[in-house]
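Subject: Structure handover

Hello,

Here is the structure I promised to pass on. Please open it alongside this email and follow the notes below.

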Amino acid sequence: MCDAEEDIFFKGQPEQLYDHLTCPRTLMLFTTEEGAGAHCHPGAMRLSIARIYDWLDDTLGAAA
């Protein structure tokens, strides 16, 4: 679950969904300091994509 620190569209909703999930889960917080604090992280696309792909690699790679 990804959350942007200053998301003006879905403030608080990622945490609510995360709290209701009963499966293994991860909450990634993207901050303004990183340049990724806005909705969909437009100021730091490389950072957000790298972190998401690293998560996919760690999560799905462990299953192989």
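Where is the place of Thr 31? It is in a loop, the one between β2 (28–30) and α2 (45–61). Keep in mind that this is a predicted model.

Stay with Thr 31 for a moment. Its relative accessibility is 19%. The limit for buried is under 20%, so Thr 31 counts as buried. What does Thr 31 touch, leaving out residues up to four places away in sequence? The answer is Glu 5, Ala 36 and Gly 37.

Phi of Cys 40 is near 70 degrees. Phi of His 41 is near 55 degrees. Both values are positive, in residues other than glycine. For background, most residues other than glycine have a negative phi.

Is His 41 buried or exposed? His 41 counts as buried, because its relative accessibility is 9%. Cys 40 is partly exposed, with a relative accessible area of 49%.

Now the overall fold. The protein chain has two helices and two strands. Along the sequence they follow the pattern β-α-β-α. The C-alpha atoms fill a box of roughly 35 × 30 × 15 Å, taken along the principal axes. The chain has 64 residues, and 20% of them count as buried. Look at contacts with a separation of 6 or more: residues 24 or more positions apart account for 55% of them.

Next, the surface and the charges. The accessible surface of the chain comes to about 4,800 Å². Carbon and sulfur atoms hold 59% of that. There are 4 positive and 11 negative side chains. The centres of the two sets lie 2 Å apart.

Last, the cysteines. A disulfide is a covalent bond between the sulfur atoms of two cysteines. How many disulfides are there? The count comes to zero. Cys 2 is in no disulfide, and the nearest cysteine sulfur, that of Cys 40, is 9.5 Å away. Cys 23 is in no disulfide either, and its nearest cysteine sulfur, that of Cys 2, is 14 Å away. Cys 2 counts as partly exposed, at 33% relative accessibility. Cys 23 is also partly exposed, at 39%.

Best wishes

Note on methods:
Residues are numbered from 1 along each chain as its sequence is written. This is a predicted model: local features need pLDDT of at least 70, side-chain atom pairs count only at pLDDT 80 or more; totals for chains, interfaces and linings use all residues. Side-chain values use heavy atoms; hydrogens and water are left out. A disulfide is a pair of cysteine sulfur atoms within 2.5 Å. Buried means under 20% relative accessible area, exposed over 50%, partly exposed in between (1.4 Å probe, protein chains only). Helices (H or I, at least four residues) and strands (E, at least two) are DSSP runs, numbered from the N terminus. Contact means heavy atoms within 4.5 Å. Accessible areas come from the Shrake-Rupley method with a 1.4 Å probe; for residues, only the protein chains shown count as cover. Lys and Arg count as positive and Asp and Glu as negative; His and the chain ends are not counted. The place of a charge is taken as NZ of Lys, CZ of Arg, CG of Asp or CD of Glu.
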